[in-house]
Amino acid sequence: MARELNEYELIEYPGLVKNTDKMIATLGGLTKVSQALGGENKRLELRFHPENPFNKPLCGDVAKRAGLLLSIKVRRSKRNPNKPPQFVVKILGYTTKSFTFENLCDFQYLPFAPDPKENSGELKMALDSIVPRSVIDLDYYNREDVPVISLPTIFARMDTVHTAMFRGDFSKEDGMHETLGVLSKSSYEGRDTVAFNMTDSFPTRPDPQIVKKMKVKYVSDEQLEKVKKLFEECPIWTRIALLYESGVTPDKLKCIIPSLAYYFSTGPWRTLYVRYGYDPRKDFNSRYYQTFDFRLRFRSGVSEFVTDRKTTIKKKLENYEMNTLVQDINYPYFDEHKLPRSRQCIMRYCDIRMPKIQEMLEKIPSPMAGAMCNERSGWLPQGFDNQVRQIVSNAIKELLKNHYRKEQILAEVDSYENEDPDDAEDEEYEEGEEENYMNDENLEEILDNIQTEQEDNPKTT
(Lines give C-alpha, C1' and ligand atoms only; values in the text may rest on other atoms or scores of the structure.)
Protein backbone atom coordinates (compact mmCIF):
# COMPACT_ATOMS: atom_id res chain seq x y z
CA MET A 1 0.00 0.00 0.00
CA ALA A 2 1.40 3.35 -1.03
CA ARG A 3 2.23 5.74 1.78
CA GLU A 4 0.35 9.04 1.70
CA LEU A 5 2.72 11.95 1.19
CA ASN A 6 2.65 15.14 3.23
CA GLU A 7 1.88 18.47 1.57
CA TYR A 8 4.27 21.35 2.29
CA GLU A 9 4.31 25.07 1.59
CA LEU A 10 7.43 26.47 -0.09
CA ILE A 11 8.84 29.92 0.75
CA GLU A 12 11.87 30.88 -1.34
CA TYR A 13 13.61 33.11 1.18
CA PRO A 14 15.93 35.70 -0.46
CA GLY A 15 18.83 35.24 1.90
CA LEU A 16 21.19 32.84 3.66
CA VAL A 17 19.34 31.47 6.71
CA LYS A 18 21.57 30.88 9.74
CA ASN A 19 18.91 31.35 12.44
CA THR A 20 15.43 29.99 11.74
CA ASP A 21 13.75 32.03 14.50
CA LYS A 22 15.16 35.30 13.15
CA MET A 23 14.14 34.32 9.64
CA ILE A 24 10.53 33.72 10.74
CA ALA A 25 10.61 37.05 12.64
CA THR A 26 11.46 38.90 9.42
CA LEU A 27 8.34 37.34 7.87
CA GLY A 28 6.13 38.67 10.67
CA GLY A 29 6.12 35.58 12.84
CA LEU A 30 4.19 32.36 12.52
CA THR A 31 0.87 34.23 12.70
CA LYS A 32 1.58 36.34 9.60
CA VAL A 33 3.01 33.37 7.75
CA SER A 34 -0.10 31.28 8.52
CA GLN A 35 -2.40 34.07 7.33
CA ALA A 36 -0.51 34.34 4.02
CA LEU A 37 -0.44 30.59 3.48
CA GLY A 38 -4.15 30.24 4.23
CA GLY A 39 -5.25 32.93 1.76
CA GLU A 40 -5.48 32.51 -2.00
CA ASN A 41 -4.04 35.84 -3.17
CA LYS A 42 -2.40 37.28 -0.05
CA ARG A 43 1.15 38.56 -0.26
CA LEU A 44 3.86 37.59 2.21
CA GLU A 45 5.75 40.58 3.67
CA LEU A 46 9.43 40.38 4.52
CA ARG A 47 10.97 43.09 6.72
CA PHE A 48 14.75 43.05 7.09
CA HIS A 49 14.49 45.01 10.39
CA PRO A 50 11.28 43.83 12.08
CA GLU A 51 11.56 46.23 15.03
CA ASN A 52 12.05 49.30 12.82
CA PRO A 53 8.70 50.87 11.78
CA PHE A 54 10.47 52.77 8.98
CA ASN A 55 11.53 49.52 7.35
CA LYS A 56 9.77 48.95 4.01
CA PRO A 57 8.62 45.37 3.36
CA LEU A 58 9.62 43.24 0.41
CA CYS A 59 6.46 41.49 -0.82
CA GLY A 60 6.37 37.93 -2.09
CA ASP A 61 3.70 36.66 -4.48
CA VAL A 62 2.19 33.20 -4.44
CA ALA A 63 2.46 31.05 -7.57
CA LYS A 64 1.28 27.56 -8.42
CA ARG A 65 4.41 25.43 -8.75
CA ALA A 66 4.66 21.70 -8.31
CA GLY A 67 7.66 20.34 -6.43
CA LEU A 68 8.95 17.42 -4.36
CA LEU A 69 10.78 17.41 -1.03
CA LEU A 70 13.52 14.80 -1.30
CA SER A 71 15.82 13.18 1.27
CA ILE A 72 19.08 12.08 -0.33
CA LYS A 73 21.58 10.01 1.65
CA VAL A 74 25.05 9.26 0.34
CA ARG A 75 26.66 6.06 1.57
CA ARG A 76 30.42 5.69 1.10
CA SER A 77 32.46 2.62 1.82
CA LYS A 78 35.10 3.07 4.53
CA ARG A 79 36.90 -0.12 3.65
CA ASN A 80 37.12 0.63 -0.07
CA PRO A 81 37.37 4.41 -0.71
CA ASN A 82 37.55 3.84 -4.46
CA LYS A 83 34.12 2.22 -4.51
CA PRO A 84 31.49 4.60 -5.98
CA PRO A 85 29.02 5.98 -3.41
CA GLN A 86 25.44 4.80 -3.19
CA PHE A 87 22.58 7.30 -3.22
CA VAL A 88 19.37 6.59 -1.30
CA VAL A 89 16.54 8.87 -2.41
CA LYS A 90 13.34 9.17 -0.41
CA ILE A 91 10.33 11.38 -1.14
CA LEU A 92 9.17 13.16 2.01
CA GLY A 93 6.36 15.27 0.53
CA TYR A 94 5.21 17.57 -2.23
CA THR A 95 4.32 21.22 -2.82
CA THR A 96 1.64 22.79 -5.01
CA LYS A 97 2.44 26.49 -4.55
CA SER A 98 5.32 28.66 -3.46
CA PHE A 99 6.04 32.25 -2.41
CA THR A 100 8.77 34.00 -4.38
CA PHE A 101 10.29 37.42 -3.75
CA GLU A 102 10.96 38.67 -7.27
CA ASN A 103 9.66 42.25 -6.95
CA LEU A 104 11.58 45.46 -6.39
CA CYS A 105 12.58 46.37 -2.86
CA ASP A 106 11.95 49.90 -1.58
CA PHE A 107 14.58 51.98 0.23
CA GLN A 108 15.23 51.00 3.86
CA TYR A 109 15.37 53.89 6.35
CA LEU A 110 17.10 53.82 9.74
CA PRO A 111 16.36 56.68 12.21
CA PHE A 112 19.93 57.75 13.00
CA ALA A 113 20.62 61.10 14.69
CA PRO A 114 23.59 62.73 16.52
CA ASP A 115 23.54 62.39 20.30
CA PRO A 116 22.80 65.86 21.80
CA LYS A 117 24.77 64.98 24.98
CA GLU A 118 27.92 64.32 23.02
CA ASN A 119 29.68 66.66 20.61
CA SER A 120 31.48 63.93 18.72
CA GLY A 121 28.98 64.08 15.88
CA GLU A 122 28.60 60.30 15.89
CA LEU A 123 25.23 59.04 14.70
CA LYS A 124 23.27 56.72 16.97
CA MET A 125 19.99 54.91 16.73
CA ALA A 126 17.30 57.40 17.81
CA LEU A 127 14.32 55.06 17.62
CA ASP A 128 13.61 55.18 21.37
CA SER A 129 13.64 58.99 21.25
CA ILE A 130 11.07 59.41 18.47
CA VAL A 131 8.75 56.45 19.11
CA PRO A 132 7.01 55.76 22.47
CA ARG A 133 8.08 52.53 24.17
CA SER A 134 4.50 51.57 25.03
CA VAL A 135 0.99 52.98 25.22
CA ILE A 136 1.46 54.15 28.81
CA ASP A 137 4.89 55.72 28.22
CA LEU A 138 4.02 59.17 29.64
CA ASP A 139 7.68 60.20 29.97
CA TYR A 140 7.84 60.36 26.19
CA TYR A 141 5.93 63.67 26.21
CA ASN A 142 8.25 65.22 28.86
CA ARG A 143 11.48 64.58 27.01
CA GLU A 144 13.73 67.38 25.87
CA ASP A 145 16.19 67.58 23.02
CA VAL A 146 14.22 65.14 20.93
CA PRO A 147 15.86 64.79 17.49
CA VAL A 148 13.87 66.03 14.57
CA ILE A 149 13.68 63.20 12.05
CA SER A 150 11.29 63.31 9.11
CA LEU A 151 11.24 60.07 7.17
CA PRO A 152 9.00 59.44 4.16
CA THR A 153 6.24 56.88 4.66
CA ILE A 154 6.81 55.47 1.19
CA PHE A 155 9.25 56.10 -1.61
CA ALA A 156 8.32 53.83 -4.50
CA ARG A 157 4.65 53.64 -5.48
CA MET A 158 5.06 50.29 -7.27
CA ASP A 159 7.19 47.22 -6.74
CA THR A 160 6.71 45.59 -10.15
CA VAL A 161 9.03 46.10 -13.12
CA HIS A 162 7.50 47.90 -16.11
CA THR A 163 8.97 47.29 -19.57
CA ALA A 164 7.14 50.14 -21.34
CA MET A 165 9.26 52.20 -23.70
CA PHE A 166 8.81 55.96 -23.84
CA ARG A 167 9.16 58.15 -26.85
CA GLY A 168 9.18 61.87 -27.39
CA ASP A 169 6.41 63.74 -29.17
CA PHE A 170 8.24 65.39 -32.07
CA SER A 171 5.21 67.21 -33.43
CA LYS A 172 6.76 70.43 -32.06
CA GLU A 173 10.07 70.99 -33.80
CA ASP A 174 11.20 73.77 -31.49
CA GLY A 175 12.12 71.25 -28.78
CA MET A 176 10.34 73.22 -26.05
CA HIS A 177 7.14 71.17 -25.87
CA GLU A 178 8.39 67.60 -25.73
CA THR A 179 6.14 65.17 -23.88
CA LEU A 180 6.49 61.52 -23.03
CA GLY A 181 4.08 58.85 -24.21
CA VAL A 182 3.94 55.08 -24.03
CA LEU A 183 5.17 53.35 -27.15
CA SER A 184 2.62 50.57 -27.59
CA LYS A 185 2.37 48.18 -30.52
CA SER A 186 -0.59 48.86 -32.74
CA SER A 187 -3.03 45.99 -33.32
CA TYR A 188 -3.63 47.10 -36.91
CA GLU A 189 -0.13 46.24 -38.20
CA GLY A 190 0.41 49.69 -39.70
CA ARG A 191 -2.66 49.74 -41.92
CA ASP A 192 -4.56 52.97 -42.61
CA THR A 193 -7.60 52.85 -40.33
CA VAL A 194 -10.25 55.42 -41.23
CA ALA A 195 -13.38 56.41 -39.32
CA PHE A 196 -16.19 57.07 -41.79
CA ASN A 197 -17.51 60.63 -42.06
CA MET A 198 -19.03 62.89 -44.70
CA THR A 199 -16.45 65.70 -44.69
CA ASP A 200 -12.87 64.43 -44.56
CA SER A 201 -11.02 63.02 -47.54
CA PHE A 202 -9.95 59.37 -47.58
CA PRO A 203 -6.35 58.16 -48.19
CA THR A 204 -5.21 58.03 -51.82
CA ARG A 205 -1.80 56.36 -51.45
CA PRO A 206 -0.09 54.03 -48.96
CA ASP A 207 2.77 54.71 -46.58
CA PRO A 208 6.18 54.33 -48.34
CA GLN A 209 7.43 52.19 -45.43
CA ILE A 210 4.93 49.46 -46.33
CA VAL A 211 6.91 48.54 -49.46
CA LYS A 212 10.00 47.97 -47.32
CA LYS A 213 7.97 45.81 -44.96
CA MET A 214 6.83 43.59 -47.83
CA LYS A 215 10.47 42.98 -48.80
CA VAL A 216 11.32 42.01 -45.24
CA LYS A 217 8.40 39.54 -45.19
CA TYR A 218 9.48 38.09 -48.56
CA VAL A 219 6.26 38.87 -50.40
CA SER A 220 6.61 37.73 -54.03
CA ASP A 221 5.48 39.74 -57.05
CA GLU A 222 3.05 36.98 -57.97
CA GLN A 223 1.28 37.20 -54.59
CA LEU A 224 1.09 40.98 -54.85
CA GLU A 225 -0.36 40.81 -58.37
CA LYS A 226 -3.09 38.37 -57.31
CA VAL A 227 -4.41 40.71 -54.62
CA LYS A 228 -3.91 43.79 -56.81
CA LYS A 229 -5.99 42.23 -59.58
CA LEU A 230 -8.83 41.57 -57.15
CA PHE A 231 -8.90 45.22 -56.07
CA GLU A 232 -8.93 46.28 -59.73
CA GLU A 233 -11.97 44.11 -60.35
CA CYS A 234 -13.77 45.23 -57.18
CA PRO A 235 -12.78 48.25 -55.04
CA ILE A 236 -14.06 46.91 -51.68
CA TRP A 237 -13.34 43.52 -50.08
CA THR A 238 -13.63 41.62 -46.84
CA ARG A 239 -10.52 39.97 -45.47
CA ILE A 240 -11.96 36.46 -45.64
CA ALA A 241 -12.99 37.01 -49.28
CA LEU A 242 -9.46 38.14 -50.20
CA LEU A 243 -8.01 35.03 -48.58
CA TYR A 244 -10.48 32.79 -50.40
CA GLU A 245 -10.15 34.34 -53.87
CA SER A 246 -6.39 35.01 -53.89
CA GLY A 247 -5.13 31.88 -52.17
CA VAL A 248 -2.45 33.96 -50.40
CA THR A 249 -1.53 32.93 -46.87
CA PRO A 250 -2.77 35.17 -44.00
CA ASP A 251 0.72 36.34 -42.96
CA LYS A 252 1.54 37.49 -46.52
CA LEU A 253 -1.89 39.09 -47.01
CA LYS A 254 -1.38 41.08 -43.83
CA CYS A 255 1.62 42.79 -45.48
CA ILE A 256 0.04 43.19 -48.92
CA ILE A 257 -3.30 44.80 -47.99
CA PRO A 258 -1.86 48.03 -46.45
CA SER A 259 -0.09 48.74 -49.76
CA LEU A 260 -3.36 48.56 -51.73
CA ALA A 261 -6.26 49.56 -49.46
CA TYR A 262 -7.32 51.36 -46.31
CA TYR A 263 -9.64 50.03 -43.61
CA PHE A 264 -12.99 51.43 -42.43
CA SER A 265 -13.57 51.12 -38.68
CA THR A 266 -17.07 52.67 -38.69
CA GLY A 267 -19.87 53.54 -41.07
CA PRO A 268 -21.76 51.62 -43.78
CA TRP A 269 -18.51 49.97 -44.98
CA ARG A 270 -17.06 49.13 -41.58
CA THR A 271 -14.54 46.23 -41.27
CA LEU A 272 -13.99 46.35 -45.06
CA TYR A 273 -10.85 47.17 -47.10
CA VAL A 274 -11.25 49.92 -49.70
CA ARG A 275 -8.87 50.52 -52.58
CA TYR A 276 -6.75 53.68 -52.29
CA GLY A 277 -8.28 56.57 -54.22
CA TYR A 278 -11.79 55.09 -54.23
CA ASP A 279 -14.49 57.10 -52.43
CA PRO A 280 -17.66 55.04 -51.81
CA ARG A 281 -19.55 58.20 -50.86
CA LYS A 282 -19.56 59.32 -54.52
CA ASP A 283 -20.29 56.00 -56.24
CA PHE A 284 -23.86 54.65 -56.17
CA ASN A 285 -22.62 51.18 -57.13
CA SER A 286 -20.81 50.93 -53.78
CA ARG A 287 -24.16 49.94 -52.24
CA TYR A 288 -23.42 46.36 -53.31
CA TYR A 289 -20.32 46.37 -51.09
CA GLN A 290 -21.84 47.76 -47.89
CA THR A 291 -21.39 45.78 -44.69
CA PHE A 292 -24.05 43.20 -43.85
CA ASP A 293 -23.72 42.04 -40.23
CA PHE A 294 -25.78 38.90 -39.66
CA ARG A 295 -25.93 37.13 -36.29
CA LEU A 296 -27.55 33.89 -35.19
CA ARG A 297 -29.10 33.38 -31.80
CA PHE A 298 -28.45 29.94 -30.39
CA ARG A 299 -31.72 28.22 -29.62
CA SER A 300 -33.01 24.72 -30.27
CA GLY A 301 -32.22 23.47 -33.75
CA VAL A 302 -29.56 25.83 -35.05
CA SER A 303 -27.10 25.30 -32.15
CA GLU A 304 -26.77 21.69 -33.29
CA PHE A 305 -25.00 22.80 -36.47
CA VAL A 306 -23.52 26.32 -36.16
CA THR A 307 -20.96 27.28 -33.50
CA ASP A 308 -18.73 30.30 -32.99
CA ARG A 309 -15.77 30.78 -35.34
CA LYS A 310 -13.05 29.74 -32.87
CA THR A 311 -14.82 26.48 -32.01
CA THR A 312 -15.39 25.69 -35.68
CA ILE A 313 -11.71 26.26 -36.57
CA LYS A 314 -10.62 24.10 -33.61
CA LYS A 315 -12.89 21.27 -34.73
CA LYS A 316 -11.57 21.53 -38.28
CA LEU A 317 -7.95 21.32 -37.09
CA GLU A 318 -8.84 18.23 -35.08
CA ASN A 319 -10.23 16.61 -38.28
CA TYR A 320 -13.70 16.71 -36.80
CA GLU A 321 -16.38 15.56 -39.24
CA MET A 322 -18.23 18.77 -40.11
CA ASN A 323 -21.90 18.75 -41.05
CA THR A 324 -22.47 19.19 -44.79
CA LEU A 325 -25.46 21.41 -44.04
CA VAL A 326 -23.13 24.21 -42.82
CA GLN A 327 -20.94 26.32 -45.08
CA ASP A 328 -17.17 25.96 -44.77
CA ILE A 329 -15.63 28.32 -42.20
CA ASN A 330 -13.37 29.88 -44.87
CA TYR A 331 -16.18 30.35 -47.43
CA PRO A 332 -16.88 34.13 -47.66
CA TYR A 333 -20.33 33.99 -49.29
CA PHE A 334 -23.82 33.02 -48.13
CA ASP A 335 -25.65 30.42 -50.18
CA GLU A 336 -29.39 29.94 -49.97
CA HIS A 337 -29.21 26.18 -49.41
CA LYS A 338 -26.68 26.12 -46.55
CA LEU A 339 -26.44 27.45 -43.00
CA PRO A 340 -24.05 30.36 -42.21
CA ARG A 341 -20.43 29.48 -41.46
CA SER A 342 -20.46 30.86 -37.89
CA ARG A 343 -22.60 32.57 -35.30
CA GLN A 344 -21.66 36.03 -36.61
CA CYS A 345 -20.99 36.63 -40.30
CA ILE A 346 -19.75 39.96 -41.63
CA MET A 347 -19.98 40.16 -45.41
CA ARG A 348 -20.94 42.46 -48.25
CA TYR A 349 -24.45 42.57 -49.68
CA CYS A 350 -23.08 41.23 -52.96
CA ASP A 351 -21.81 38.18 -51.05
CA ILE A 352 -25.40 37.09 -50.30
CA ARG A 353 -26.12 34.76 -53.18
CA MET A 354 -29.91 34.97 -53.12
CA PRO A 355 -31.66 36.23 -56.29
CA LYS A 356 -34.37 38.00 -54.30
CA ILE A 357 -31.89 40.17 -52.38
CA GLN A 358 -29.82 40.98 -55.46
CA GLU A 359 -33.03 42.00 -57.25
CA MET A 360 -33.88 44.32 -54.35
CA LEU A 361 -30.45 45.96 -54.66
CA GLU A 362 -30.99 46.47 -58.40
CA LYS A 363 -34.39 48.15 -57.90
CA ILE A 364 -33.12 50.85 -55.53
CA PRO A 365 -33.77 54.14 -57.40
CA SER A 366 -30.73 56.10 -58.52
CA PRO A 367 -30.08 59.34 -56.60
CA MET A 368 -30.02 62.75 -58.19
CA ALA A 369 -26.79 64.11 -59.65
CA GLY A 370 -24.39 65.34 -56.99
CA ALA A 371 -26.16 63.50 -54.16
CA MET A 372 -24.11 61.77 -51.47
CA CYS A 373 -24.87 58.76 -49.31
CA ASN A 374 -26.23 58.72 -45.77
CA GLU A 375 -23.72 58.58 -42.93
CA ARG A 376 -25.46 55.63 -41.25
CA SER A 377 -27.22 53.65 -44.00
CA GLY A 378 -25.00 54.54 -46.96
CA TRP A 379 -26.81 54.27 -50.32
CA LEU A 380 -29.47 51.91 -48.98
CA PRO A 381 -32.91 53.10 -47.77
CA GLN A 382 -33.81 53.03 -44.10
CA GLY A 383 -34.82 49.58 -42.88
CA PHE A 384 -33.29 47.78 -45.86
CA ASP A 385 -30.92 45.78 -43.62
CA ASN A 386 -33.83 44.54 -41.48
CA GLN A 387 -35.67 43.33 -44.60
CA VAL A 388 -32.59 41.43 -45.75
CA ARG A 389 -32.14 39.86 -42.32
CA GLN A 390 -35.76 38.72 -42.36
CA ILE A 391 -35.34 37.11 -45.79
CA VAL A 392 -32.13 35.33 -44.72
CA SER A 393 -33.78 34.20 -41.48
CA ASN A 394 -36.77 32.76 -43.35
CA ALA A 395 -34.44 30.91 -45.71
CA ILE A 396 -32.55 29.38 -42.77
CA LYS A 397 -35.82 28.45 -41.06
CA GLU A 398 -37.11 26.75 -44.20
CA LEU A 399 -33.81 24.90 -44.62
CA LEU A 400 -33.96 23.57 -41.06
CA LYS A 401 -37.62 22.64 -41.47
CA ASN A 402 -36.86 20.51 -44.53
CA HIS A 403 -33.87 18.96 -42.77
CA TYR A 404 -35.90 17.88 -39.72
CA ARG A 405 -38.70 16.57 -41.94
CA LYS A 406 -36.23 14.48 -43.91
CA GLU A 407 -34.65 13.10 -40.73
CA GLN A 408 -38.05 12.19 -39.29
CA ILE A 409 -39.11 10.43 -42.50
CA LEU A 410 -35.85 8.45 -42.60
CA ALA A 411 -36.31 7.48 -38.93
CA GLU A 412 -39.83 6.25 -39.69
CA VAL A 413 -38.60 4.24 -42.67
CA ASP A 414 -35.79 2.79 -40.56
CA SER A 415 -38.16 1.68 -37.83
CA TYR A 416 -40.53 0.19 -40.41
CA GLU A 417 -37.75 -1.84 -42.06
CA ASN A 418 -36.53 -3.16 -38.72
CA GLU A 419 -40.03 -4.09 -37.55
CA ASP A 420 -40.85 -7.81 -37.19
CA PRO A 421 -43.42 -8.68 -39.92
CA ASP A 422 -45.12 -11.23 -37.60
CA ASP A 423 -45.86 -8.53 -35.00
CA ALA A 424 -46.93 -5.89 -37.49
CA GLU A 425 -50.59 -5.10 -37.81
CA ASP A 426 -52.28 -4.28 -41.07
CA GLU A 427 -53.45 -0.70 -41.10
CA GLU A 428 -55.49 0.99 -43.75
CA TYR A 429 -53.96 4.07 -45.29
CA GLU A 430 -56.24 7.02 -44.79
CA GLU A 431 -56.36 10.03 -47.05
CA GLY A 432 -54.75 13.08 -45.53
CA GLU A 433 -52.50 11.05 -43.23
CA GLU A 434 -49.32 12.25 -44.97
CA GLU A 435 -50.40 15.85 -44.63
CA ASN A 436 -50.98 15.48 -40.89
CA TYR A 437 -47.60 13.81 -40.57
CA MET A 438 -45.79 16.65 -42.33
CA ASN A 439 -47.41 19.20 -39.99
CA ASP A 440 -46.36 17.40 -36.82
CA GLU A 441 -46.90 19.63 -33.75
CA ASN A 442 -43.62 18.65 -32.13
CA LEU A 443 -41.73 19.61 -35.28
CA GLU A 444 -43.46 22.98 -35.51
CA GLU A 445 -42.69 23.66 -31.85
CA ILE A 446 -38.98 23.05 -32.45
CA LEU A 447 -38.91 25.28 -35.50
CA ASP A 448 -40.79 28.12 -33.80
CA ASN A 449 -38.10 28.23 -31.11
CA ILE A 450 -35.40 28.88 -33.71
CA GLN A 451 -34.81 32.61 -33.51
CA THR A 452 -32.19 33.46 -36.01
CA GLU A 453 -32.79 37.12 -36.42
CA GLN A 454 -32.30 40.12 -34.17
CA GLU A 455 -35.24 42.44 -34.15
CA ASP A 456 -33.13 45.52 -33.50
CA ASN A 457 -30.27 46.64 -35.62
CA PRO A 458 -27.18 44.76 -34.21
CA LYS A 459 -24.34 46.75 -32.80
CA THR A 460 -21.09 47.07 -34.61
CA THR A 461 -18.32 44.87 -33.42
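Entry 1. I looked up the surface: the protein exposes about 32,300 Å², and carbon and sulfur atoms supply 50% of it (Shrake-Rupley method, 1.4 Å probe; for residues, only the protein chains shown count as cover). This is a predicted model, where local features need pLDDT of at least 70, side-chain atom pairs count only at pLDDT 80 or more, and totals for chains, interfaces and linings use all residues. Residues are numbered from 1 along each chain as its sequence is written, and side-chain values use heavy atoms, with hydrogens and water left out.

Entry 2. I noted that buried residues make up 31% of the 461 residues (buried is under 20% relative accessible area, exposed over 50%, partly exposed in between; 1.4 Å probe, protein chains only).

Entry 3. I found a nonpolar surface patch of about 720 Å², made by Leu5, Leu68, Leu70, Ile72, Val74, Phe87, Val89 and Ile91. Patch residues have over 30% relative accessible area and no salt bridge, with nonpolar side chains (Val, Leu, Ile, Met, Phe, Trp, Tyr) joined within 5 Å and like charges within 9 Å; a salt bridge is a side-chain nitrogen of Lys or Arg within 4 Å of a carboxyl oxygen of Asp or Glu. Strand 3 (58-75) and strand 4 each give two or more residues to the patch, and strand 3 gives the most, with four. Strands are DSSP runs of E, at least two residues, numbered from the N terminus. Val89 lies in strand 4 and is exposed, at 52% relative accessible area.

Entry 4. I traced an open sheet of four strands, order 1-4-3-2, with mixed pairing (at least two DSSP bridges between two strands). Strand 1 (6-12) and strand 2 (44-46) stand at the edges with a single partner strand each, so one side of each has no neighbour in the sheet. Strand 1 pairs with strand 4 (residues 86-100) in the parallel sense over six bridges; Tyr8 has Thr95 as its bridge partner in strand 4.
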